[in-house]
Each structure stands twice: as C-alpha cells, then as structure tokens.
Amino acid sequence: MLRFQTFAPEAFALATFAPEAFAPEGRRSVATGGALPAVRRAERNPWTHAHLNHPAPEGRRKLHGANEIPRSIFGRAPRVAHLSTQRPSPSPLRGEKRVMDRFSTGSASGRFAATPLHPWLPSVAPPGRELATFGRERGGRQARNKATILAGSIIPCLAALLIPCAIVQGQLGADPWPPAPPIERPMTSDPGPLPKSVTAEPGDGGLWLCTFRYRPAGESRVNLAGSFNGWNANTHSLADPDGDGVFAIRVPIEAGTHHYKFVLDGSNWISDPQNPDRVPDGFTGYNSVLKLGRLARMSESTASTGDGRIEPLGLEHKPDGSLYRQWLSADRLLLRYRTLSHDVERVSVAIRGGPVVPMYVVSEGPLFSIYETQIRLPQGQSKAGAAPSGAVEYTFILADGSMGVSDLETYRAASSSAQIMKTPEWAKHAVWYQIMVDRFRNGDPANDPQPVRPWTSEWFTPSPFEGKDGATFYGGYVFKRYYGGDLAGLQEKLPYLKDLGINAIYLNPVFKAESHHKYNATNFLHIDDHFGTKGDYAAVAASEDLLDPTTWKWTDSDRRFLQFLEQAHAMGFRVIIDGVFNHVGTAHPAFQDVQKNGKKSRFADWFDVTSWDPFRYNGWAGYSDLPVFKKSGDGLASESVKQHVFAVTRRWMDPNGDGDPSDGIDGWRLDVPNEIPAPFWAEWHDLVKSINADAYISGEIWDRADQWLDGRHFDAVMNYQFAQAAIAWICHRDRKITASEVDRRLADLRMAYPSAATYVMQNLVDSHDTDRLVSMALNPDRDYDRMNRPQDDNPNYDNSKPSPEAYRRARLVALLQMTYVGAPMIYYGDEVGMWGADDPTNRKPMLWSDLDPYEKPEENVVSEDHLDFYKRAIALRHAHPALRTGTFQTLLADDELDVWAFLRTSDTERVLVLLNASETARPVRVPLPTGSPRSWRTVFGDRGDGVVHGDASVTVPVPALGGIVLVDQDS
C-alpha cells in the first residue's frame with residue numbers, strides 16, 4: 001500500500017490511496033467503497049487530461065469505464081471502477097461531439113496534459129477513494145509514508161507538494177474557520193409554477209412555507225402526507241378556522257421535487273384533484289408532484305467549468321442521508337457532496353484541525369455531479385483546534401476558475417459503532433422464491449376449502465359452480481377461487497426448489513383468513529387451517545384472549561407449519577413470512593368485538609372508527625373488508641394493539657420461547673409498512689433483532705427507500721426500483737431506455753443505499769401485485785405496473801400466451817437478476833414460463849409436469865427450456881462468490897449497440913458480464929482495467945467453454961437479447 005504524505009508535519013493527516021483498504025474485511029462495498037470513478041470529465045482528474053483522439057460517431061453515446069491509473073502510483077492496478085455519465089468533452093476538445101475519456105501515462109492512443117492546480121485545493125492523489133487518517137503510524141509503516149513517485153507522474157506530484165501551507169496551518173492552528181470564504185446563500189423569491197391548491201413564500205434557512213388547500217366532499221378529517229414528512233398520515237392535519245369549507249395547512253418544505261397525497265378520514269389516500277402533475281404510487285393510484293424552486297424545474301445543468309461561477313442552488317450535503325454520509329466502521333466515514341454537473345473544477349472536504357482531502361466524481365448525470373471521499377476519525381488525544389477525540393467537524397471547499405469558496409455549513413460527525421448498518425450475512429447469498437401457498441401445490445386434498453377448483457382446469461373457463469349468481473369472470477368469481485395449495489404441497493416440492501437453486505423462501509400471508517391471498521387476516525396467532533388441518537381453528541381461538549399471550553395455544557395447523565420450518569431449515573432454506581400489521585379482515589375477533597360492543601369493547605381503540613352511531617370505520621384503500629388499525633404520530637395509536645403485534649412477532653420467531661430462534665421464521669416481509677409511522681418500525685426492528693440478530697426484515701416500499709434503509713428500520717426492501725430499470729431497458733421498445741441510462745439509474749440506487757442494504761436487496765422483477773415478467777415483455781412501453789389489468793385500466797392488454805421473443809427478453813432479465821448486486825427474487829412459476837396480466841391472472845396455480853395434461857395444454861405446460869435457463873443462471877450465481885458479494889464496476893455502456901458490460905470482483909475472482917438488449921447478435925469490445933488477466937473463460941452463454949484473450953480489452957460475440965459471462969482464468 002502506498003501512502004502519500006499530504007502535509008509536511010509528520011503528525012498531521014495522511015491520505016491513503018489504496019482502494020482495497022477501504023472496504024470492511026472480507027468484502028468490498030459497492031455503495032461505500034472499493035470503487036474508482038472510471039469515466040470522468042477530464043478536468044476532474046487532478047493528474048492528467050487524457051483523451052482518445054477520435055470522438056464517438058455522431059448519434060452514438062459510448063461510455064468506457066476502464067481507468068488506467070499509472071502502476072507506479074499503486075504498485076498494482078486498482079481492482080474496481082465506477083462509470084459516471086459521459087458528456088461532451090470540455091476544452092481543449094470542446095469542438096468534439098462525444099469522446100471516450102481514459103487515464104493514461106502516455107499510450108499511443110491518448111494525449112497527455114498536466115492539469116493546473118487550484119490555489120485553494122491540494123491535488124495529491126490519483127482519482128480514487130481517498131481516506132484521510134489522523135496521527136502517525138508506528139514501526140516500519142512510517143517508511144511508507146514517503147511517496148515514491150516514478151517517471152510520468154513526478155511533475156503533478158511535485159506540484160501538489162508545493163501547495164501553499166498557509167491554509168493547512170490555518171486549519172491546525174488559530175486561523176479562522178472555514179479555510180475559504182463561505183459561498184453566498186442562494187436568494188430567490190420565485191417558487192415557480194404551482195398547482196392551484198398550493199401557494200409558497202420564502203421562509204428561513206432556504207425553506208419554502210407552503211400552504212396546501214383541499215375542499216372536502218363530506219369528509220370530516222383531512223391530513224397531508226408526503227415525501228417531506230415521511231408519508232406520515234397523522235401529523236399534518238388540515239383545518240378550516242374561517243369556516244369557508246376549504247381546509248388548509250402551512251408546511252415548511254425544502255426546495256426540490258416532492259410527492260404528496262391528501263388522506264381523508266384516516267385511510268382514503270387520494271392525489272390532489274387540483275394538481276395535474278402526478279406519478280404512479282405503486283398501489284394502483286398516483287402521487288401528486290410538487291416542484292419548488294428553479295432547481296426543481298431544471299432537467300439539465302447549464303453550468304460551465306472554469307468560468308469562476310458556482311451555482312449555490314446545486315450544492316447539497318445532508319448528513320442524515322445515506323447518499324451523503326455512511327459509516328464504514330466505527331472510525332471510518334464516507335462523505336459525498338452534490339453540485340450541478342459541469343459547475344466546479346474541484347471539491348474537497350476540509351476537516352477542522354486536520355487535512356483538506358480531495359474528493360472525486362463518482363456520478364455525473366445531466367443535472368448533478370456527486371463527489372466522494374473517505375476519512376478516518378481521530379483516535380486518542382485530539383489536536384489543537386480540533387473536535388473532541390472520536391469526532392470531527394468538516395465542511396466542503398469548492399473551486400472553479402479563480403473562485404474558491406466553502407459550503408455554508410460546518411458539519412459534525414462523532415464515531416459510533418451503533419451508526420454502522422449491519423444486515424444478515426446469509427441474505428447476501430440468498431436466491432429468493434415468492435410463494436402464494438394456495439396457488440403453489442395441493443398436497444392434502446382433505447384440507448381443501450369448498451368449493452375448490454380443479455388444479456389443471458383452464459383459467460378463463462368457469463367451473464360449474466361459478467357464475468350461477470350472475471357474476472362474471474372479472475366481476476366476482478375469479479377473485480373468490482380456491483385451488484387447495486397447502487403446507488403439505490409446499491413440503492412435497494422443497495426438493496424441486498432445492499434443485500432449482502432456491503435457498504430462501506418468502507411466503508405470502510399464511511395466517512388464518514377468509515381469502516386465498518390471506519391479506520385480510522382473521523387471526524395473527526394461527527396458520528390457516530386450509531393450509532394444515534381443516535377445522536382446527538375455531539375451538540382453539542375461542543379459548544384464547546388476544547390481550548393475554550399466556551392463553552395462546554397451538555393448533556395442528558400451527559404445528560404443521562413449524563414442522564415445515566424444521567424441514568426447510570434442515571435442507572438449507574431460510575423462510576420469511578408476510579407481516580400484515582396495518583390492517584386485518586372483518587372476521588378478526590377484535591374487530592367483531594368492536595362491532596358488537598362499540599365504545600365498551602376492550603379493542604375500541606384498535607381501529608380507525610369514524611362514527612360509533614352509526615358504526616363507520618376506515619378500511620385500507622377504501623375497502624371496507626380491510627379495517628385499518630388506528631395510527632398516531634408515533635405508530636399504532638393503541639398501546640394494546642402494539643403489544644399484541646409485538647407478542648405475535650415473538651411467537652413466530654421463537655415458538656417455544658427458549659431464547660433459541662432456530663425453530664422460528666428467519667424474518668419478515670412487511671406489507672404496506674409506509675402506512676404506519678416510522679417510529680413504530682424502529683421499535684419493532686429492535687424487538688426483532690433482540691430475538692434473532694440474524695433475522696431479515698424487508699419492506700414493501702415501491703419508491704426510493706433511503707429513509708427506511710438506515711440501520712434502524714429495515715434491512716432491505718422489495719427492490720421495485722431495480723425492476724423498473726431492468727424492464728425499461730430490456731422489455732420496452734418505443735420507450736426503451738439506453739444502456740447508459742439503466743447503468744445510471746442503478747448506480748444512483750447503489751449510492752443512495754448503504755452497502756449493507758444494497759447486497760441484501762430483494763431484486764424482484766414481478767410479484768403478486770404486478771403482471772408477470774414475460775407478459776410485461778409482450779406488453780411493452782407502459783409505466784411499470786400500470787395499464788396491466790384488462791378488466792379496468794387497459795382492455796387492450798394482451799393477456800394471451802407470450803411470443804418466443806418475449807421469453808428471450810424475460811431470460812435476459814433473469815440473467816441480469818443473477819449477476820447484479822443484491823439478492824434475486826423469483827415469483828413462483830416465472831421459471832416455468834407462467835404468464836398473465838395483473839391480479840387475478842398473475843395468480844394462476846403453479847404449472848407442474850406431473851399433473852399433465854392440463855386443459856388447453858398448448859397454453860398450460862411447463863417450458864423446459866425456460867426452466868433449464870433459470871437453473872443454469874441460478875447455478876452460475878451460486879458458483880461464483882463475486883456475483884454475490886463482489887464489487888461492481890461498469891466497463892461499457894454502449895447506447896448504439898445497446899450493450900452493457902460490468903465486472904464483479906471478489907478477493908478470489910473476477911467475473912465479466914456482457915448483456916445485449918438489442919435484437920442483433922454482435923461482437924462487443926470491452927475495455928479492461930489495468931492489471932486484468934489476459935485470458936477469460938466463458939462460464940455462461942452460447943459460446944460453451946470458450947476462452948478469449950486480451951490485454952487492454954477483450955472482444956466477445958454476444959447473442960441478440962442474450963448475455964455472456966466470463967471468469968478470469970486465474971480464478
């Protein structure tokens with residue numbers, strides 16, 4: 001490891017350049033370390049301007065991500081890099097349309113020019129992760145504090161050493177703080193065009209004071225919920241003090257883009273009827289969009305580097321957000337800073353009483369650039385002028401042309417191991433499989449609900465008992481079907497799942513309920529008897545007190561579920577179940593008691609009752625058969641319902657209560673958790689982890705989940721953001737996004753989430769709440785999970801069996817799932833080619849070859865080729881640790897060829913993945929990082945076990961709508 005001495009006094013901070021030192025032992029972080037910025041505007045490089053002589057062809061956007069950092073600096077090549085968005089090159093190549101930037105020490109294909117140093121900012125390191133450490137190192141390592149600078153790098157290094165020390169001395173001594181004048185605060189009185197229902201005026205601290213208005217139509221209570229208040233439906237109540245019939249509330253909100261809804265009478269969430277700007281909310285509705293200020297109305301930066309101007313509106317660092325600050329260890333901190341793209345030449349972080357540390361671009365989009373570095377907090381005695389030991393105060397310094405300024409704020413960070421997010425290690429290696437039990441396998445006909453549909457019956461053909469009351473297919477009877485799937489069938493097919501490569505199972509609700517889907521729970525205490533032993537529920541439930549866990553008993557169905565868990569664990573499976581703690585069904589004993597006894601019920605405060613006489617209450621999404629629990633600003637309003645949920649949690653995580661959770665479930669998937677205020681989940685999270693520190697918590701969050709993935713709420717979420725990007729690239733036609741766009745979107749997610757969460761995200765592409773993957777490919781160019789229901793929002797949706805091309809696209813999506821960062825999740829039946837529109841057709845019974853022939857066999861048959869592909873793709877993931885825990889580095893995102901190539905790197909291997917989303921097979925030339933092996937062996941794809949050779953690049957033929965995966969021969 002080379003260390004370069006930043007400042008003359010040996011007691012001062014040292015900047016560490018070796019990127020592999022930054023990730024926690026045994027792994028490297030995608031979101032928080034181990035990734036070098038690979039493609040960058042030339043002025044970002046504090047060492048060189050290096051350009052290829054030939055720009056990309058007109059109309060073609062080609063991004064390479066293979067940095068060639070001089071080996072004299074590192075001694076060996078950095079292992080990973082990160083691709084940032086390319087833009088037209090700055091001067092001296094301003095006339096060229098698109099260029100491929102590449103750092104070089106004088107290759108025949110490149111030009112070299114030294115970058116002038118800005119007087120405010122030291123440039124002492126090649127682009128990479130910067131780690132500032134405090135204090136001296138002992139022993140032989142001190143010798144390595146002297147930089148060894150070889151030919152080709154000595155001029156910029158010497159220039160860096162000659163940086164004036166006055167600023168440094170000022171930081172360590174008594175000079176004013178910060179070491180550069182603060183930038184002027186942006187002043188604006190123009191919030192921009194607003195919907196009729198919203199007005200805004202400038203407030204303190206750059207906030208806008210926004211007044212929201214809504215005229216009720218019979219509702220007695222109106223609340224405001226949005227991204228600016230954590231979607232809490234209980235804290236922002238609108239009022240009508242002047243009695244004009246219009247409810248209003250005034251809220252301080254930051255400039256930017258926000259989503260919101262009005263919540264009527266506690267449960268009816270609606271978009272703003274006076275705001276036409278809206279986006280899908282993931283629950284068949286829409287969120288209203290509010291854009292505040294000039295920045296929110298910009299789609300592309302108009303800034304230019306070197307002009308001596310910096311736009312303060314684009315500057316941002318939010319220390320409470322994982323995008324901007326993440327703890328990597330108790331004393332090591334990752335920092336990020338945002339500017340407008342193309343706006344500044346350099347950004348550094350200045351540490352009070354310590355060094356000024358350069359930052360480097362890790363993402364550059366059309367509007368914003370994100371800079372990053374790492375620092376290590378001081379240990380032992382603090383230095384003069386510094387923060388207390390174990391803490392730092394810092395700010396950011398920006399330079400452009402002759403302008404050098406600091407951020408307006410001074411931030412503080414104190415070391416604490418409690419701030420480090422930890423997630424279960426096993427979840428990084430999971431391949432998830434989602435199962436609706438009633439639709440998976442009927443193993444015991446004796447427990448079937450009546451009437452039950454024949455498993456092999458044709459989906460659209462009614463049974464003799466259906467439709468006699470005049471109900472139509474979509475008008476009623478399809479949603480009331482039972483197929484008899486049960487625990488016996490699930491146990492019977494565990495070997496099938498094992499052979500497929502599954503090692504983690506997510507079960508949709510299994511508790512007693514009146515529906516096939518079980519989201520309308522009758523009782524959280526017991527497994528549905530149609531999944532276990534028919535008729536065993538009523539007698540046991542009648543003897544129990546919901547408020548007294550000591551009275552709770554186990555039914556035969558409960559014991560059958562525990563037996564299933566034991567068998568699944570013995571076979572190496574982890575099992576999580578659906579926690580639906582926001583609402584129940586009308587058959588729930590507590591709700592029935594409230595209906596019977598009204599205000600005198602012991603459960604009167606459980607539910608959101610709007611009127612006692614006549615009796616009225618709120619149901620989830622307006623459905624009266626799903627009464628919701630009443631909420632407060634902190635969570636569930638009733639202490640007794642909260643304690644009931646906590647006791648239910650203990651019951652299924654440690655069934656025998658002996659302190660050993662191995663006989664219980666391995667975690668939870670939480671249904672609509674955003675509808676319960678976050679403080680509840682923080683407390684519930686602590687309870688879960690106290691029972692089983694290795695338990696896994698995943699939330700159903702459809703939007704960006706930054707606020708939930710902070711170590712205090714969830715380990716992961718169902719990664720619908722991944723699904724949307726993957727489908728938009730691979731399945732769309734007219735609205736297809738580019739390879740560079742899918743790369744950018746997923747890079748944004750990796751940065752936004754802590755690394756610990758990124759590696760355990762449930763990377764799904766479809767679910768029980770969407771149309772099937774292969775049907776998405778057959779019906780392209782729609783918003784994700786929109787216009788996919790033939791019965792209401794899209795009568796033109798093609799609900800027939802998809803084409804061979806649609807299946808090829810689905811297989812490419814599956815290959816991306818298996819090779820990308822995070823844990824892939826398969827919705828039952830996708831692997832055998834099941835298809836269908838959104839609910840109800842996405843919930844057909846599972847296809848099984850041993851039940852052939854099905855009615856209409858041309859549409860209801862296992863696709864053996866499709867199944868074989870899934871088996872091989874899953875086996876690929878299991879065979880290569882780099883695909884599960886390795887770093888991620890984009891090497892190529894070629895928009896003209898529609899090809900994306902990335903490298904996954906672990907301590908033991910490097911895996912190269914090439915994905916071609918075009919309809920044309922083509923040879924693809926992929927640039928390789930310096931130090932890459934010359935020989936690569938094909939481990940997945942149509943090339944068999946072929947070997948390709950290369951030095952700076954490899955050329956690989958990639959099939960249309962297909963992929964190739966190679967592993968380095970040295971692995």
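A residue is taken as buried when its relative accessible area is under 20%, as exposed when that area is over 50%, and as partly exposed in between (1.4 Å probe, protein chains only). The model is predicted, and local features therefore need pLDDT of at least 70 and side-chain atom pairs pLDDT 80 or more, whereas totals for chains, interfaces and linings use all residues. Residues are numbered from 1 along each chain as its sequence is written, and side-chain values use heavy atoms, with hydrogens and water left out.

The protein has 971 residues, of which 61% are buried. Its secondary structure comprises 17 helices and 47 strands, defined as DSSP runs (helices H or I, at least four residues; strands E, at least two) and numbered from the N terminus. Of the contacts in the protein with a separation of 6 or more, 72% are between residues 24 or more positions apart, a contact being a pair of heavy atoms within 4.5 Å.

Helix α11 (residues 720–730) packs against helix α12 (residues 739–752) at an angle of about 175°, and the two axes are 9 Å apart. The axes are lines fitted to C-alpha atoms over the stretch in contact, and angles run from 0 to 180 degrees between N-to-C directions. The pair is therefore roughly antiparallel (over 145 degrees; under 35 counts as roughly parallel, 65 to 115 as roughly perpendicular and the rest as oblique). On the α11 side the contact is made by Q721, F722, Q724, A725, A728 and W729, and on the α12 side by A739, V742, R745, L746 and L749. Eight of these residues are nonpolar, two are polar and one is charged. In this classification Ala, Val, Leu, Ile, Met, Phe, Trp, Tyr, Cys and Pro are nonpolar, Asp, Glu, Lys and Arg are charged, and the others, Gly among them, are polar.

Nine of the eleven residues of α11 are buried, namely Y720, F722, A723, A725, A726, I727, A728, W729 and I730. The elements that cover these buried residues include α12 together with β38 (762–763), α14 (773–778), α15 (804–819), β41 (899–905) and β42 (910–916).

The loop between β42 and β43 (922–927) contains S918. S918 counts as buried because its relative accessibility is 9%. Its contacts, leaving aside neighbours within four places in sequence, are with L897, D898, A960 and L961. The C-alpha atom of S918 is 10.0 Å from that of R733, a residue 185 positions away along the chain. L897, one of the contacts of S918, is located in the loop between β40 (887–894) and β41. With a relative accessible area of 17%, L897 is also buried.

A cavity is a set of points where a 1.4 Å probe fits but cannot get out, a pocket is an open set with protein on both sides within 12 Å along at least five of seven lines, and lining residues have an atom within 4 Å of a point. Grid points are joined across faces, edges and corners, and a volume is the space filled by probe spheres set on the points. The whole structure holds twelve cavities of 30 Å³ or more. The largest cavity has a volume of about 140 Å³. Its lining consists of 18 residues, with K844, P845, L847, E859 and N860 nearest the centre; eleven of the lining residues are nonpolar, four polar and three charged.

Most residues other than glycine have a negative phi, and most peptide bonds are trans. Exceptions in the backbone include the cis peptide bond from D613 to P614, with omega near 5°, where P614 is in the loop between β31 (609–612) and β32 (615–617). The bond from D839 to P840 is also cis, with omega near 20°, and P840 lies in the loop between β39 (823–827) and α16 (864–879). Positive phi values occur at W231, about 60°, and at D781, near 65°. W231 belongs to the loop between β11 (222–226) and β12 (247–254) and is buried, at 14% relative accessibility. D781 is in the loop between α14 and α15.

Technical notes: On a 1 Å grid over the protein atoms alone, a cavity is a set of points where a 1.4 Å probe fits but cannot get out, and a pocket is an open set with protein on both sides within 12 Å along at least five of seven lines; lining residues have an atom within 4 Å of a point.
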